[in-house]
Amino acid sequence: MNKLTRLTLAAVAFAGFSSAALAAPETYVIDGTHTFPRFSYSHFGFSTQLSRFDKTSGKIVLDKEAKTGSVDVTIDMKSVDTGYPVFNGHIQGADFFDTAKYPTATFKSTKVLFDGDKPTTVEGNLTIKGVTKPVTLTLSSFLQQPHPMLKKDAIGANASVKVKRSEFNAGKYAPYVGDDVTIDIAVEAIHE
């Protein structure tokens with residue numbers, strides 16, 4: 001192997017090593033105008049009710065090279081939208097969300113699991129009404145690409161988890177009103 005070939009191979013190897021070594025976590029700020037956690041539950045067996053929260057904030061950090069990340073989300077529980085203003089007030093009462101004492105709910109990740117370069121599950125701690133429980137969010141979709149309007153990198157995902165509301169001291173009327181609650185989070189976030 002001649003000297004020029006060895007130098008070229010060394011330069012290519014060094015460049016590959018350098019770019020991997022310089023890869024850094026990227027931080028994305030949650031876009032509150034396109035992020036809406038929803039929750040659904042059985043209403044006396046008649047139907048599945050679906051409601052959402054209108055105000056969510058937080059950050060997502062991803063390092064695709066290292067296959068690591070973190071998620072930190074805060075939901076304004078007073079922004080609940082059931083589709084009926086009277087019930088919005090009722091569900092904020094002490095029997096359910098008790099927003100006077102606990103105005104926010106949070107999710108803080110402990111581990112992000114990847115399949116290739118895409119996150120697939122996020123393990124972490126969900127806190128509602130001052131009660132913290134470990135949960136695993138399952139991602140049904142994930143996309144990272146430049147935002148066509150903002151001209152910045154962006155990410156989006158749909159995640160879900162099922163919890164028992166009674167475990168968060170919000171179990172009034174269970175089991176008639178379903179104790180199992182599915183939480184779906186449609187999230188979009190913009191690179192900082």
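Predicted model: local features only at pLDDT ≥ 70, side-chain atom pairs only at ≥ 80, totals over all residues.

Me: What makes β8 and strand β9 (residues 131-146) a pair, and in which sense do they run?

Reply: Two strands pair if DSSP finds at least two bridges between them. β8 and β9 share 8 bridges, in the antiparallel sense, so the pair passes the definition. Residues are numbered from 1 along each chain as its sequence is written, and side-chain values use heavy atoms, with hydrogens and water left out.

Me: How many helices and strands does the protein chain have, and what counts as one?

Reply: The chain comes to 2 helices and 11 strands. The order from the N terminus is α-β-β-β-β-β-β-α-β-β-β-β-β.

Me: Which strand does β7 join through 9 bridges, and what sits in the turn?

Reply: That is strand β8 (residues 118-128), and the two run antiparallel. Leu 113 has Thr 121 as its bridge partner in β8. The two strands form a hairpin with 2 residues between them, and Gly 116 in the turn has a positive phi of about 70 degrees. In the β8 and β9 hairpin, which also has 2 residues between the strands, the positive phi belongs to Lys 129, near 55 degrees.

Me: What else pairs with β5 and β7 in this sense?

Reply: β5 (residues 68-76) is joined to β4 by 8 bridges, running antiparallel, with Ser 57 opposite Thr 74. That hairpin has 4 residues between the strands, and Lys 67 takes a positive phi near 60 degrees. β5 and β7 pair with each other over 5 bridges, also antiparallel; Ile 75 has Ala 105 as its bridge partner there.

Me: Why is Leu 62 called buried?

Reply: Buried means under 20% relative accessible area, with exposed over 50% and partly exposed in between (1.4 Å probe, protein chains only). Leu 62 has 5%, so it counts as buried. It lies in strand β4 (residues 56-63). Across the whole chain, 37% of the 192 residues count as buried.

Me: What does Leu 62 touch, apart from neighbours within four places in sequence?

Reply: Contact means heavy atoms within 4.5 Å. By that rule Leu 62 is in contact with Ala 24, Pro 25, Glu 26, Thr 68, Gly 69, Phe 114, Pro 119, Phe 142 and Ile 155. Pro 119 is 57 residues apart from Leu 62 along the chain, yet their C-alpha atoms are separated by 8.9 Å.

Me: How do you know that Val 131 is buried, and where does it lie?

Reply: Val 131 has a relative accessible area of 16%, so it is buried. It lies in strand β9. Leaving out residues up to four places away, Val 131 touches Leu 126, Glu 167, Phe 168 and Asn 169. Val 131 and Phe 168 are 37 residues apart in sequence and 5.6 Å apart in space, C-alpha to C-alpha.

Me: Why is the pair of Phe 53 and Phe 97 called tilted?

Reply: Rings of Phe, Tyr and Trp (its six-membered ring) pair if their centres lie within 6.5 Å; planes under 30 degrees apart count as stacked, over 60 as edge-to-face and the rest as tilted. The count by this rule is 5 aromatic pairs. One of them is Phe 39 with Tyr 41, stacked at 6.3 Å centre to centre and 15 degrees between the planes. For Phe 53 and Phe 97 the centres are 5.7 Å apart and the planes at 50 degrees, so that pair is tilted.

Me: What does the pair of Phe 53 and Phe 97 tie together?

Reply: Phe 53 lies in strand β3 (residues 47-53) and Phe 97 in the loop between α2 (85-91) and β7 (104-115), so the pair ties together parts 44 residues apart in sequence. Phe 53 is buried at 6%, and Phe 97 counts as buried at 12%. Phe 39, Tyr 41, Phe 53 and Phe 97 form one aromatic cluster.
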